[in-house]
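Please look through the model with these notes beside you.

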Amino acid sequence: MLSSLKSHEEGEEEHHHHHHHNHRRRHQHHLLLRCAELIDRLDLPAARRAISLLSASSSPFGDSADRITNQFTHALSLRLDRLSLVPSLSPTDSDSGAQSAYLSLNKITPFLRFPHLTANQAILDAIDIHILDFDTSHGLQWPPFLQAVAERSDPNNPPSIRITGTGSDLSVLRRTALRLHSFATSLRDARAFLRSVRALNPAVVTLAEREASHGSPSFLERLPEAVEHYTALFESLEATLPPTSRERMEVERVWFGKEIAGVVAGEERHERFVRWEEMMSAAGFEAAPLSAFAVSQARLLLRLHYPAEGYRVQVLRGGSCFLGWQSNPLFSVSSWHCN
């Protein structure tokens, strides 16, 4: 009887804590949106007071609600400084810091390896391979891909593979500038860019993208979408890593923090799969369902390396594959061919 009473009390305490957490999170999100409205109306003194309040009520070392509020407060502060023509005092993260955060992100979450692995399997099904990678970054996805090609090829007649890539590394950009010039000029217009890709008549095009709508020209429309998306990301990290994890804090501050600042105060944009589906179809591409093997590999990746119960893999109409946390889709991978 005593044990059952204790269990009942613990359950009530957990329910109360969960309710309090959700209430505080909603309150903080409301304050973020209120601050954004003040900035949009150019009521800068009131916006600064709101940012001071948000800064005092959040921490980069608290729970996921605290940390997401802290990152968005920083991003709103950057936007306010730019409107006020005040130079930002925030230190710029070094290239080595960004690289370290990228490697930590690859280690502790499936957010990079899931789209890489799933997209690579779709590419492997092609015969003549010319890879167009428009976000090469550190190139972590290509060594295992090349190894997989080598293992399934005739050593006396190895296949020819071309990789065309872009990235933020200036030394890489200089070496590939001439080849990529025609593509770089069309990157401002997604539709024109996709038509130029279609003109190459590729055997397969794989698309890996955030499942988030951050493309609106309206700052006030982008913000709530971004808060919802990154809240799910932060909650997944909180559920899978200890509160004192240095890697988690590095990923949130350096990697996701930079993305959040880009969405709120810069030019970082994402589109949901349904929008990409429209653009790909308009450019002359047809969906090519991912193979059952590619999907099973994605599920195996989660079971072996990221066994948290909250991650979900879902295959939708047309054979596109989504990675989500709880009920929130976070990333999509799809495969396309010329129609």
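**Notes on the aromatic pairs**

1. Ring pairs join Phe72, Phe111, Tyr230, Phe234, Phe256, Tyr311, Trp325 and Phe331 into a cluster. Rings of Phe, Tyr and Trp (its six-membered ring) pair if their centres lie within 6.5 Å; planes under 30 degrees apart are stacked, over 60 edge-to-face, and the rest tilted.

2. This is a predicted model, in which local features need pLDDT of at least 70 and side-chain atom pairs count only at pLDDT 80 or more, while totals for chains, interfaces and linings use all residues. Residues are numbered from 1 along each chain as its sequence is written, and side-chain values use heavy atoms, leaving out hydrogens and water.

3. The rule for pairs gives 9 aromatic pairs. The ring centres of Phe72 and Tyr230 are 6.3 Å apart and the planes are at 65°, so this pair is edge-to-face. Phe72 is in helix α3 (residues 64–83) and Tyr230 in helix α9 (residues 219–240), so the pair ties together parts 158 residues apart in sequence. Helices (H or I, at least four residues) and strands (E, at least two) are DSSP runs, numbered from the N terminus.

4. Phe111 and Tyr311 also form an edge-to-face pair, with 6.1 Å from centre to centre and 80° between the planes. Phe111 lies in the loop between α4 (95–108) and α5 (113–124), and Tyr311 in strand β5 (residues 311–315), 200 residues apart.

5. Are Phe72 and Tyr230 buried or exposed? Both are buried, and Phe111 and Tyr311 are buried as well. Buried means under 20% relative accessible area, exposed over 50%, and partly exposed in between (1.4 Å probe, protein chains only).
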